[in-house]
Amino acid sequence: MVPCREALQQFSARQLRLMFLMAPWNKTVSYGETMRAEMRAKEQAIKNFFQNVAVALREGEAQQAGTAAKWGEDELVLSAAVQEAQVKVHEALTDNINTAGALDALSGLIKATNLYLAGKQQAAAA
């Protein structure tokens, strides 16, 4: 068993929180290489997601200043993905506080959002 102080010398507080969320609440957290790689990949995906969303919001505000936005098929698909993620997160957390399942649902939403943003970038470039 690795004490928290020792773990904080190897990982940031954010990385440790992610590792704790990825493991069942009633099991010991593994600090092995596999868990480290999974945690770092998830951390990078979450960082990239928030950076991409921030850029998209800034660009959207600049493009739509003073105009009403109308949802198309892509926006409806993304909205459905948001609603699906909300349900899955709720179900996971009510299922014995399944934080790993909740993170999986959020990862699915990140993927759907990234696909939406990539589609918008392609459409803008065309």
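Visitor: How many aromatic pairs does a search of the whole structure find?

Guide: This is a predicted model, and what follows describes that model. A pair of aromatic rings is described by the distance of the centres and the angle of the planes. When the whole structure is searched, the number of aromatic pairs found is 2.

Visitor: Is the aromatic pair of F11 and Y31 stacked or edge-to-face?

Guide: The ring centres of F11 and Y31 lie 6.2 Å apart, and their planes make an angle of 25 degrees. Planes under 30 degrees apart count as stacked, whereas those over 60 count as edge-to-face. With its 25 degrees, the pair of F11 and Y31 is therefore stacked.

Visitor: Where in the chain do F11 and Y31 lie, and how many residues apart are they?

Guide: F11 belongs to the loop between α1 (4–10) and α2 (13–22), while Y31 belongs to the loop between α2 and α3 (33–63). The pair thus links distant parts of the chain, and the separation of F11 and Y31 is 20 residues.

Visitor: Is F11 buried or exposed?

Guide: A residue counts as buried when its relative accessible area is under 20%. F11 has a relative accessibility of 3%, and Y31, its partner in the stacked pair, has a relative accessible area of 16% and is buried. Because 3% is under the cut-off of 20%, F11 counts as buried.

Visitor: Is the pair of F49 and F50 stacked or edge-to-face?

Guide: The centres of the F49 and F50 rings are 5.1 Å apart, with 70 degrees between the planes. F49 counts as buried at 14% relative accessibility, whereas F50 is exposed, with a relative accessible area of 54%. Because planes over 60 degrees apart count as edge-to-face, the pair of F49 and F50, at 70 degrees, is edge-to-face.

Visitor: With which residue does R36 form a salt bridge?

Guide: Side chains of opposite charge can pair when their charged atoms come close. A search of the whole structure finds 3 salt bridges, and in the one formed by R36 the closest N and O atoms are 3.6 Å apart. Both partners lie in helix α3, 3 residues apart, about one turn of the helix, and the partner of R36 is E33.

Visitor: Which residue forms a salt bridge with K88?

Guide: In this salt bridge the closest N and O atoms are 2.9 Å apart, and both residues lie in helix α4, 4 residues apart, about one turn of the helix. K88 is partly exposed, with a relative accessible area of 41%. Its partner is also partly exposed, at 43%, and the residue that forms the salt bridge with K88 is E84.

Visitor: What is the radius of gyration of the protein?

Guide: The protein has 5 helices and 0 strands, and its C-alpha atoms fill a box of roughly 55 × 30 × 25 Å, taken along the principal axes. A compact globule of 126 residues would have a radius of gyration near 14 Å, but the value for the protein is 18 Å.

Terms used. Residues are numbered from 1 along each chain as its sequence is written. This is a predicted model: local features need pLDDT of at least 70, side-chain atom pairs count only at pLDDT 80 or more; totals for chains, interfaces and linings use all residues. Side-chain values use heavy atoms; hydrogens and water are left out. Rings of Phe, Tyr and Trp (its six-membered ring) pair if their centres lie within 6.5 Å; planes under 30 degrees apart count as stacked, over 60 as edge-to-face and the rest as tilted. Helices (H or I, at least four residues) and strands (E, at least two) are DSSP runs, numbered from the N terminus. Buried means under 20% relative accessible area, exposed over 50%, partly exposed in between (1.4 Å probe, protein chains only). The radius of gyration is taken over C-alpha atoms; the globule rule is 2.2 Å times the number of residues to the power 0.38. A salt bridge is a side-chain nitrogen of Lys or Arg within 4 Å of a carboxyl oxygen of Asp or Glu.
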